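Here is a friendly walk through one protein chain, taken a piece at a time. Please keep the structure open beside the text as you read.

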Amino acid sequence: MTTSELLSAIDGVGADRRRGGFSRHAFDPAEMELREWFAEQAEARDLRVTTDRNANLWAWWGEPGDDAVVTGSHLDSVPGGGAFDGPLGVVSSLAAVDSLRARGFVPRRPLAVVVFAEEEGGRFGVPCLGSRLLAGTIDPDKARGLRDPDGVSFAEAMGSAGMRADRVGRDEEALRRIGQFVELHVEQGRGLVDLERPVAVASSILAHGRWRFRFSGQGNHAGATLITDRRDPMLPASRLVLAARRAAAAVEGARATVGRLVPNPGGTNVIPSTVDLWLDARSPTDDATRSVVDELAERAQEFAAEEGCEVVVTEESYGDTVHFQPALRDELSGLLEDAPLLPTGAGHDAGILAAEVPTAMLFVRNPTGVSHAPEEHAESADCEAGAQALARVLEHLAR
């Protein structure tokens, strides 16, 4: 099957009528339907499907073993995300297997397709949670205690999906089996559009993380409370949104975004008692990213004090700058002669695994340059070019 046919098969799963696009989050009905769909597709190709103790799905071509060539991505999405972020990498992996089999190729090394759990962090707030647990970069107790907006813990959600949360954590056996990991992903930017190329090889990932700012004041009546008597946490929170733009603009290559702000209790005629605000900050270097966040933490304290409020800043996730292994990166770049090297500002499971095993990434052109939104797109011809490039890479590495 082609990538377009495979993507069409899941079109509509998790469609979000309110936001547009798709909302597919870890262990919710849409994501579970996609996990089942992937298992069916893998089994139809005689791939052996297993689930590791961190809820990541594996489909093995032949017997599982050490020093495997592994590819794949994720099936979950951000709230109201596009159709390609994550699923394109998964369906391209299946299409690459189809292509290799059609050519009569038989891998000498073990080969697997993996689907990582909760890559976007759309439900429990920590991105790349499945790969972080696998690599041991997040404490298992912290992961089990993560809660979604409805108060359901990660451990409870795993249990409801028939999985055991008491076993999550660094998985030495699974890590040992990954000899090399190559992730294909739709490009999240306009690099390939400007270069007029369908496929690129990743060079690096920006240092990035998420921080929660909790502003606390005094909840009260919107009509009965005089302006002079208020301790309204919405004011310092809103000032921080503007400060984030200014702080990032002052640092070359930096980004700072507030995409989520939650007042409590959230009534139209109620002064909130608390406001939670999440900051996503990214820069080319660790020092630059930390500098932006430190400045904003200082500004937040000032803004809160001026309104008679308090603020607590919590780091929820962080990843330093990732430079993909030069040898594997250059090997793929040489194999795919027309594929340029591109950095990315987006985080990926490949970036998490880069500290443990040799990893690389391929990007497929996105003509809109838009991602994490319904307008995200990739042309069918470019998707097929990506799948064929991935097949060529897998054949080269697994022969």
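## Helix α9 and its buried side

In this predicted model, the buried residues of helix α9 are Pro236, Ala237, Leu240, Ala243, Ala244, Ala247 and Ala248. Their spacing is worth a look on screen, because in an α-helix, with 3.6 residues a turn, residues three or four places apart point the same way. What do the buried residues of α9 pack against? They pack against β7, β9, β11 and α10.

Helix α9 covers residues 234–249 and lies across β7, β9 and β11, running at about 170° to β9. The length of α9 can be checked too: at 1.5 Å a residue, its 16 residues should span 22 Å, and the end C-alpha atoms are 23 Å apart, which agrees.

## The four-stranded sheet

The strands under discussion belong to an open sheet of four, with the order β9-β11-β7-β12 and antiparallel pairing. Which strands stand at the edges? They are β9 (255–264) and β12 (310–319); each has a single partner strand, so one side of each is left without a neighbour in the sheet. Direction ignored, neighbouring strands of this sheet are turned by 15° against each other on average.

Strand β7 (residues 207–216) runs antiparallel to β12, and nine bridges join the two.

Is strand β6 buried or exposed? Seven of the seven residues of β6 (residues 199–205) are buried, so the strand is largely enclosed by the rest of the structure.

With strand β14 (residues 341–344), β6 pairs in the parallel sense over four bridges, and the bridge partner of Ser204 in β14 is Pro343. With strand β15 (residues 359–364), β6 pairs in the antiparallel sense over three bridges; here Val201 has Leu362 as its bridge partner. Strand β13 (residues 322–323) is joined to β6 by two bridges and runs antiparallel to it, with Ile205 opposite Val322.

## Aromatic pairs

How many aromatic pairs does a search of the whole structure find? The search finds six. One of them joins Phe27 and Phe154, a tilted pair at 5.8 Å centre to centre with 45° between the planes. This pair links distant parts of the chain, 127 residues apart: Phe27 is in the loop between α1 (3–10) and α2 (29–44), while Phe154 is in helix α6 (residues 154–160).

## Arginines over rings

Two arginines deserve a visit before you close the viewer. Arg24 lies over the face of Phe22, at 4.2 Å from the ring centre. Arg260 lies over the face of Trp278, at 3.9 Å from the ring centre.

Terms used
Residues are numbered from 1 along each chain as its sequence is written. This is a predicted model: local features need pLDDT of at least 70, side-chain atom pairs count only at pLDDT 80 or more; totals for chains, interfaces and linings use all residues. Side-chain values use heavy atoms; hydrogens and water are left out. Rings of Phe, Tyr and Trp (its six-membered ring) pair if their centres lie within 6.5 Å; planes under 30 degrees apart count as stacked, over 60 as edge-to-face and the rest as tilted. A charge sits over a ring if NZ of Lys or CZ of Arg is within 6 Å of the ring centre and within 35 degrees of the ring normal. Two strands pair if DSSP finds at least two bridges between them. Axes are lines fitted to C-alpha atoms, for helices over the stretch in contact, and angles run from 0 to 180 degrees between N-to-C directions. Contact means heavy atoms within 4.5 Å. The expected span of a helix is 1.5 Å times one less than its number of residues. Buried means under 20% relative accessible area, exposed over 50%, partly exposed in between (1.4 Å probe, protein chains only).
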